[in-house]
Every structure is written in C-alpha cells, then in structure tokens.
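Subject: Structure for you to look through

Dear colleague,

I am passing on a structure that I would like you to look through with the notes that follow. Please keep the sequence and the 3D view open beside them as you read.

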Amino acid sequence: MTTLPELAARRCYSVVNPLHSAIYFSPDFGEELAELGLKDGAAAYFVGRAAPMGRVGAGTVTATFFNFSHDLVARHIPAAWDVVSPEVALEARLRAADSVLRRVLGEEVIASKELAEAAELALRATEACSRLARPLYAAHADLPVPDAPHLALWHAATLLREHRGDAHLMTLVGAGLDAVEALASHTATGQGMSTKWILRTRGYSAEEWEAGRRRLRDRGLLTADNELTEAGERLRRDLEAETDRLDAAPYEHLGAEGVARLTELATAFSTTARENGAFPADLRGKN
C-alpha cells in the first residue's frame with residue numbers, strides 16, 4: 001500500500017532524470033571521447049551508457065537499451081571498446097557530467113546547500129533500488145559514488161533513471177511492443193521524442209518507422225493519422241502505471257516528505273538547466 005500521494009513518485013522522477021540525461025544532449029561527452037579517438041556520436045552514446053557493464057557485445061547493448069536498431073549498435077559495438085575502454089569511458093563521462101552541470105546550473109547552484117541536500121535525498125532513495133532483473137541499473141549500482149555533491153546527484157539521478165528504465169522495458173515486452181512500436185506509441189502521446197529525433201538517433205529508416213506505425217494501427221492503437229486511439233491511450237496509461245508500480249520502492253523508502261522536497265529542489269535545477277539550453281527545443285513532439 002503506497003504512502004505517497006498519487007503520481008508523486010513519477011513527478012519526482014520526471015524532474016530528477018533531466019539532471020542525468022543532459023549529458024547526452026551536450027557536446028561535452030562527445031568531445032571527451034573524440035579526443036580519445038572515438039568521434040562518432042552514436043558510438044559515444046553506446047560506450048558512455050554501456051561502460052558500467054564492461055566490454056559487452058552488441059547483443060547486450062541492443063537488449064538493455066531496447067529502442068535502438070541492432071544494426072546501428074553492431075556498427076559500433078564491440079569495435080568501439082578497442083578505441084575507448086569501459087574504464088576510460090567512465091572517467092570521461094564523469095568529467096563531462098562535471099562540465100555540463102557547471103554550465104547549465106551555474107557555479108552558485110553547484111556550491112549551494114540545496115544541491116547538496118538534493119544529492120543526499122536522491123542517494124537515500126537509491127538505497128531501496130533492486131538489482132533483480134535490472135541489468136543497466138545493477139551495473140551502474142556497482143560504481144562508486146563521487147565525492148562532489150553535484151556529481152553525487154548526477155550519479156543518483158543515473159541510478160534512478162536506469163532503475164525505472166529497466167522496469168519500463170519489462171512492461172513494454174509484456175505489452176507485446178517491439179522497439180519501433182514502443183517509440184511510435186510514445187511519440188503519439190506528445191511526451192516522447194519527435195519523429196525527427198528518433199530517425200536521427202535510433203537507427204531506423206523512415207520505412208521501418210512507418211511499418212511500426214502500421215502495426216500499431218492494425219492493433220487498433222493508432223488512428224489513420226497516427227493519433228492514439230482510446231485503446232492506445234489506455235495502453236500507454238497502463239504501461240506508465242505498471243512502471244510506477246515496479247519503480248515504487250526508492251520513493252516509498254524516501255517517504256512523502258523526502259519525495260516532495262526532492263521534487264521541489266530538482267524542479268528548480270532541471271528548470272534552470274532547460275533554460276540554459278540543456279536540451280534541444282525540438283526534442284519532443286508528435287511529428
């Protein structure tokens with residue numbers, strides 16, 4: 001039985017996660033890896049996020065990332081590990097997190113007691129995360145917590161992101177959605193990546209994207225103009241509700257007061273980050 005207000009955990013996650021994901025929309029990490037000889041943006045993302053798992057193959061990355069074309073993954077993994085080892089990638093990733101957060105939050109926020117408080121709260125929430133059936137979370141959970149408060153907050157945000165992400169993949173598979181169908185139905189909500197960004201980053205062709213939409217239409221989940229049907233809206237609601245259930249433990253552990261305070265602090269930080277250009281303006285949308 002939850003002790004939290006309805007949707008409190010999801011709201012908290014939604015403002016903490018940008019503090020992690022900003023690193024992948026900034027040039028810093030790519031520049032770090034380019035200096036080490038890995039110049040492709042997709043390769044940088046795969047290496048950066050998969051590094052905690054070690055020198056894994058393309059199959060593991062495709063399975064755990066879920067929504068990237070395997071052909072795109074295999075184009076870069078495992079060859080990228082011969083250029084940048086997982087250990088070196090993790091060091092570069094932490095340097096990039098430092099530079100990104102300093103730029104999008106500002107030195108005053110970085111040094112503030114509020115940021116240190118947010119890091120403490122977020123780390124406390126991660127104490128209740130579970131490694132079971134959560135490979136990306138489990139790999140990240142084995143990493144040391146950085147000393148600097150802003151990097152400790154970034155680390156905690158990363159753990160919370162991967163914990164929820166692994167849970168969400170369970171729900172997608174249970175609903176019988178493949179990678180393109182999951183992306184297309186999320187885009188149709190208006191909350192997911194825009195079609196332009198998906199085609200630019202996920203490795204699917206326009207034909208594969210349209211075929212995925214057609215499969216959703218055949219299941220009665222999308223209309224002819226690619227809007228969610230009533231059944232499609234219900235499916236997306238159910239997916240998020242089940243993800244909430246599977247991801248409840250960290251927020252229940254933190255408690256209602258802690259969740260409310262972390263949400264308040266992270267809302268201010270993520271708003272500042274967005275205002276300072278942490279994310280592209282056209283990242284989300286139905287088109």
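Pro 78 sits in the loop between α5 (70-76) and α6, where helices are DSSP runs (H or I, at least four residues; strands are E, at least two), numbered from the N terminus. The peptide bond that leads from Ile 77 to Pro 78 is cis, with omega near 15 degrees. Most peptide bonds are trans, and most residues other than glycine have a negative phi.

Please bear in mind that this is a predicted model, in which local features need pLDDT of at least 70 and side-chain atom pairs count only at pLDDT 80 or more, while totals for chains, interfaces and linings use all residues. Residues are numbered from 1 along each chain as its sequence is written, and side-chain values use heavy atoms, with hydrogens and water left out.

Two residues other than glycine have a phi worth checking on your screen. Leu 7, in the segment before α1, has a positive phi near 65 degrees, and with a relative accessible area of 39% Leu 7 is partly exposed; here buried means under 20% relative accessible area, exposed over 50%, and partly exposed in between (1.4 Å probe, protein chains only). Ala 133, in the loop between α8 (113-126) and α9 (135-141), has a positive phi near 60 degrees, and at 61% relative accessibility Ala 133 counts as exposed.

Met 170 and Ala 133 are 37 residues apart in sequence, yet their C-alpha atoms are 8.9 Å apart in space. Met 170 is partly exposed, with a relative accessible area of 33%.

How far apart are the end C-alpha atoms of α10? They are 38 Å apart, which agrees with the 38 Å that the 26 residues of α10 (residues 149-174) should span at 1.5 Å a residue, since the expected span is 1.5 Å times one less than the number of residues. Of these 26 residues, 21 are buried, and α10 is thus mostly covered. Thr 158 of α10 counts as buried at 2% relative accessibility, and, leaving aside its neighbours within four places in sequence, Thr 158 is in contact with His 20 and His 140. After α10 comes Gly 176, with a positive phi near 75 degrees.

Helix α6 (residues 86-105) packs on α10 at an angle of about 110 degrees, with the axes 10 Å apart; axes are lines fitted to C-alpha atoms, for helices over the stretch in contact, and angles run from 0 to 180 degrees between N-to-C directions. That makes α6 roughly perpendicular to α10, a term used for angles of 65 to 115 degrees (under 35 is roughly parallel, over 145 roughly antiparallel, and the rest oblique). The contact is made by Arg 93, Leu 94, Ala 97, Asp 98, Leu 101 and Arg 102 of α6, and by His 150, Leu 151 and Trp 154 of α10.

Finally, the buried residues of α14, among them Leu 235 and Leu 239, pack against α1 (8-21), α10 and α11 (179-188).

With best wishes

Key: Contact = heavy atoms within 4.5 Å.
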